[in-house]
Amino acid sequence: MADRLDPILPGSYLGILGGGQLGRMFTHAAQAMGYKVCVLDPDVNSPAGAVAEKHIQADYVDHAALKELASICQAASTEFENVPAQALDELEALGVYVAPTSAGVSVAQNRVAEKKFLATWKDEAGIGPAPHLVIEREADITHVPENLFPGILKTARMGYDGKGQMTVHSRDELTQAWEKFNKVICVLEKRMDLAFEVSALVARGHDDEVVAYPVAENIHKSGILHTTTVPAPSINAIQEKRIIEAAKAIIRRLDYVGVLCVEFFVLKSGDIVANEIAPRPHNSGHYTQNACVTSQFEQQVRAMARVPLGSTELVQSTIMLNILGDEWLVDKKQSEPHWDEILKHPKTKLHLYGKAEPRHGRKMGHINFVGSTPGEVKLACENAIKVLRISR
Ligand code: ADP
Ligand code: MG
């Protein structure tokens, strides 16, 4: 076992909890640098399991599986925020270098803890969360101040891609929505008047080195990320600086080693609020694969292997377009999209995750369009949207 401060060099095994597309792209990045990867995921058909040197098919809290992973891997990381804290702690106890640790991940696992964290460190970060109230019991509803309506009720746990959320306009609607969520712990958040949405991707090494990628602008459709554009077209330099400083303060305050993404809302008033923290590489950071010197996945590898972080410099303009199962299901029959048509544009980079079954709303891949000007990139993306007949 390497000393905690020694770098973990290529040739070693790195472990990843979760075998989805993020784990798959992590695996590719690790292998490109000469590392070997062991994936822990119960799914036989996991996208990362298909490409890693080793795939342990077991539950995340299976003691024998964690022991096996620990016997192979020098370091471990996670690709999803809902990884049981227990699994990360167990690996650490077995002598594996775990980055990020369960303490860093757990804040993002629960919206109540997340909002509390963002509110507590608002002054230090310079940006805080939207006005909100925790709904835990019936009485909390009576205490909701009028100015939180219209609001968005969000379940504290397991929300993603707009799931576990409901807009409410009144106390009655709030009661109904909370009942629909079976009275689980929720956060009621004031619905803000958004001008646009952005995310800040940052990484921190074990030696407290912190790097930030340029701020990315996101468009969601039906709660799912649709496109990410970098440089962010709507942001001004002062806003970008504030957002990056806030994300850097957050990653430091969490004492977090690895890649982390913070979503922000820029309001019509010009104010900025912090929305949520993703303790891992993020969908809105996929553009880094083709537009930056170091991709977010390579950065995750570097951080957990305790080697120096890579440059986050943006070398070209870019748009990332998410590809959903819907693209296979146009005209009510299933057919492979005409990727050849898309690839006619020579600055188009196709990334598919190797998922067998396309379903509506399922993330199947993404395309990075790169170019020397934002206009060139936008044109290429619009053309692909037409070819794929994306109607969202
Ligand atoms: P998820 O975990 O599903 O990504 P988010 O909290 O990020 O949940 O919400 C999903 C989307 O809903 C956001 O990207 C934003 O478009 C919208 N949204 C969420 N909260 C608010 C809010 N307080 N005001 C206005 N829009 C919001
Ligand atoms: Mg979100």
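This is a predicted model: local features need pLDDT of at least 70, side-chain atom pairs count only at pLDDT 80 or more; totals for chains, interfaces and linings use all residues.

How many positive and how many negative side chains does the chain have, and how far apart do the centres of the two sets lie?

Author: Residues are numbered from 1 along each chain as its sequence is written, chains are lettered from A and ligands numbered from 1 in the order in which they are written, and side-chain values use heavy atoms, with hydrogens and water left out.

To begin with the charges, the chain has 42 positive and 48 negative side chains, and the centres of these two sets lie 3 Å apart; Lys and Arg count as positive, Asp and Glu as negative, with His and the chain ends not counted, and each charge is placed at NZ of Lys, CZ of Arg, CG of Asp or CD of Glu.

Glu263 belongs to strand β14 and Glu276 to strand β15 (residues 272–278), so the pair ties together parts that are 13 residues apart in sequence. Glu263 counts as buried at 12% relative accessibility, whereas Glu276 is partly exposed at 21%; buried means under 20% relative accessible area, exposed over 50% and partly exposed in between (1.4 Å probe, protein chains only).

Asp255 lies in the loop between α9 and β14 (258–267), where its phi is near 50 degrees, a positive value in a residue other than glycine, and Asp255 is exposed, with a relative accessible area of 55%. Most residues other than glycine have a negative phi, and most peptide bonds are trans.

Both kinds of feature also occur elsewhere. Lys183, in the loop between α8 (171–180) and β9 (186–190), has a positive phi of about 55 degrees although it is not a glycine, and Lys183 is partly exposed at 38%. The peptide bond from Phe149 to Pro150 is cis, with omega near -15 degrees, and Pro150 sits in the loop between α7 (138–142) and β7 (151–155).

As for the whole, the secondary structure of the chain comes to 13 helices and 18 strands, these being DSSP runs (H or I, at least four residues, for helices; E, at least two, for strands) numbered from the N terminus. The radius of gyration of the chain is 21 Å, close to the 21 Å that the globule rule gives for 392 residues, so the chain is as compact as a globular protein of that length; the radius is taken over C-alpha atoms, and the rule is 2.2 Å times the number of residues to the power 0.38. The C-alpha atoms fill a box of roughly 60 × 50 × 45 Å along the principal axes, and 55% of the 392 residues count as buried.
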